Amino acid sequence: MGVAVGMDALSERAAMMRESVQKSQTISDSIVSILGSFDHRLSALETAMRPTQLRTHSIRRAHENIDKTLKAAEVILAQFDHYHQAEANVLKGPHEDLESYLEAIDQLRSNIRFFSSNKSLKSDDGVVNHANNLLAKAISKLEEEFKQLLASYSKPVEPDRLFDGLPNSLRPSSGSPGNQADSSTKAPSHHHSELHNSNSETAVYTPPTLIPPRVLPLLRDLAQQMVQAGHQQQLLKIYRDTRSSVFEESLRKLGVEKLSKDDVQKMQWEVLEAKIGNWIHFMRIAVKLLFAGERKVCDQIFEGFDSLSDQCFAEVTASSVSVLLSFGEAIARSKRSPEKLFVLLDMYEIMRELHTEIETIFKGKACTEIRESALGLTKRLAQTAQETFGDFEEAVEKDATKTAVSDGTVHPLTSYVINYVKFLFDYQSTLKQLFQEFKSEKETGSQLASVTMQIMQALQTNLDGKSKQYKDLALTHLFLMNNIHYMVRSVRRSEAKDLLGDDWVQRHRRIVQQHANQYKRNAWAKILQCLTIQGLSSSGGGGSTVGVDGGNSSGVSRAMVKDRFKTFNMQFEELHQKQSQWAVPDTELRESLRLAVAEVLLPAYRNFIKRFGPLVESGKNPQKYIRFTAEDLERMLGEFFEGRTLNETKR
């Protein structure tokens, strides 16, 4: 029974569960039905809302377009505002407010670019044309402003301002360009030039301020606007016409003259030499101060436009460069003469010194012709100097001066040539550079030595010819002794000794001694013959000098002895009168020659008097024959070679 009860209960639960499942199914079906109904309603709602959404989107896009249009209109209106502001500033002109004027030009260009790129507006073409016309007027006024501003601040530089920019060693003692120490004489000129070269690396040059620094930025801005407007040629013309005349006036005030080749040929040498000295000074001032200053101005005004800067600089300086270089060309092409060699070397030297600066200052294609002209002058000066060198050697050898120096002293040609050679050694570095223009580097070291030896040999050859003009052979040898001694002494005291060498010095010292010996032989052999025993002995004995054998005077004719004394007196007086007029200018050589004569003459005279004097002294009027003591002769020998006049000798 209990089982039956349990089964009933289980059946009841099963029935309840079945009922619950059926209810859940019914609910699920109802929910699905409801959801399906919602989906249908949403679709219908979406269909109903679509026209409203489309209208809203159109409205939003319309608002966006309106905003864009308003903004574009604002930009256009702003451009018109800027344009009118720029127009007002341009119409005022640049003179009152240059900065605002330049800004107005920039604004006009901006307006033109804007309206040119926006062709949708009907008025664009008219606005652009009007703006272009206004811009053209603005640039025209700008040109005039640039011209006036440049002209008002472009003034010639006074010489004193230029001299202030030189190193102290190169400043003249006075403001006159003609008072340069290096233009007065040959020696100071080359000495000054060499002195400068030795310090050229440390010398400080200060170019003058050609245009005030505060004005340069304004000129630069004006120039840039003109370049942007395509007005380079107008800018170039204005700058060239204004600055070139000022530059030329600065040089004129300094003393630079425009001289032709004919002008140079007609000048006296002293005048021309002074002008050459000034030209060297002017070249240094022009390149290191004036040209350097102008280059700086050009580079600052035309900053960013290198080719235009080079062109302006070339055209401003071309005329002035031509005036300076044409003088150098006239000298280089003028008739050659020995005295011109040193000024040619000075000119060559300054061109070499300035070469690097010329290459730097006159940079760029536009300045090519100027650089080539300067280099051409340098080479032409070198060529002319070398040819003059050759002419000098030939002139020395062929010098046809017939007037011999009557007293046998140093000939003017000798002193001239030696001074010439000594001056050459002040130019050693310059000459080496000059020889390098035409020789290989290995040859230049020995070239100066070779040339110097050739000049010395040419001088000796000429002196040999001149010595033959003397009728007295003793004077011939005295002349050669004096001149060659002068050559040797000068070489020993100069740098020429290192170049010519000790062998040259020693060889020519021996030549001097040989001529001194030949002088003694030719001048004194005859009078010394009077003091020998030869011809006095009645037996016709040997010819040894009296007193050598210590014998007596037996067998000697008193008349013959008197005759010997008379002959000696007459010959010695003649020698004294003549050779007191002869000259040995070197004190040491003069004393040496007197001593050499005394060492031969005085012992012979003393011995002759000792041996034969008693024969005369025992007779009548001995003082008529023995007129001189040995001391008298020594004193009178001290008057030889003094170069006295005939009247002085007689007194």
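Modeller: Contact means heavy atoms within 4.5 Å of each other. Among the chain's contacts with a separation of 6 or more, 82% are between residues 24 or more positions apart.

Colleague: What should I know about the model and its numbering?

Modeller: It's a predicted model, where local features need pLDDT of at least 70 and side-chain atom pairs count only at pLDDT 80 or more, while totals for chains, interfaces and linings use all residues. Residues are numbered from 1 along each chain as its sequence is written, and side-chain values use heavy atoms, leaving out hydrogens and water.

Colleague: How many helices and strands does the chain have?

Modeller: The count is 22 helices and 0 strands, taken as DSSP runs numbered from the N terminus (helices are H or I, at least four residues; strands are E, at least two).

Colleague: Why is Asn462 called buried?

Modeller: Buried means under 20% relative accessible area, exposed over 50%, and partly exposed in between (1.4 Å probe, protein chains only). Asn462 has 4% relative accessibility, so it counts as buried. Asn462 lies in helix α15, residues 441-467, and touches Val396, Glu397, Lys398, Asp399 and Leu413, leaving aside residues up to four places away in sequence.

Colleague: And what makes Pro159 buried?

Modeller: Its relative accessible area is 12%, so Pro159 is buried too. Pro159 is in helix α4, residues 159-164. Leaving aside residues up to four places away in sequence, Pro159 touches Lys253 and Leu254. Pro159 and Arg252 are 93 residues apart in sequence, yet 9.6 Å apart in space, C-alpha to C-alpha.

Colleague: Is Lys578 buried, exposed or partly exposed, and how do you know?

Modeller: Lys578 has a relative accessible area of 34%, so it's partly exposed. You'll find Lys578 in helix α19, residues 558-579. Across the chain, buried residues make up 43% of the 651 residues.

Colleague: What makes α13 roughly parallel to α16?

Modeller: Helix α13 (residues 412-425) and helix α16 (residues 473-492) pack at about 15°, their axes 10 Å apart. Angles under 35 degrees count as roughly parallel, over 145 as roughly antiparallel, 65 to 115 as roughly perpendicular and the rest as oblique, so α13 is roughly parallel to α16.

Colleague: Which residues of α13 and α16 make the contact?

Modeller: On α13, Thr414, Ser415, Ile418 and Asn419; on α16, Asn483, Tyr486, Met487 and Ser490. By class, that's 3 nonpolar, 5 polar and no charged residues. Ala, Val, Leu, Ile, Met, Phe, Trp, Tyr, Cys and Pro count as nonpolar, Asp, Glu, Lys and Arg as charged, and the others, Gly among them, as polar.

Key. Axes fitted to C-alpha atoms, helices over the stretch in contact; angles between N-to-C directions.
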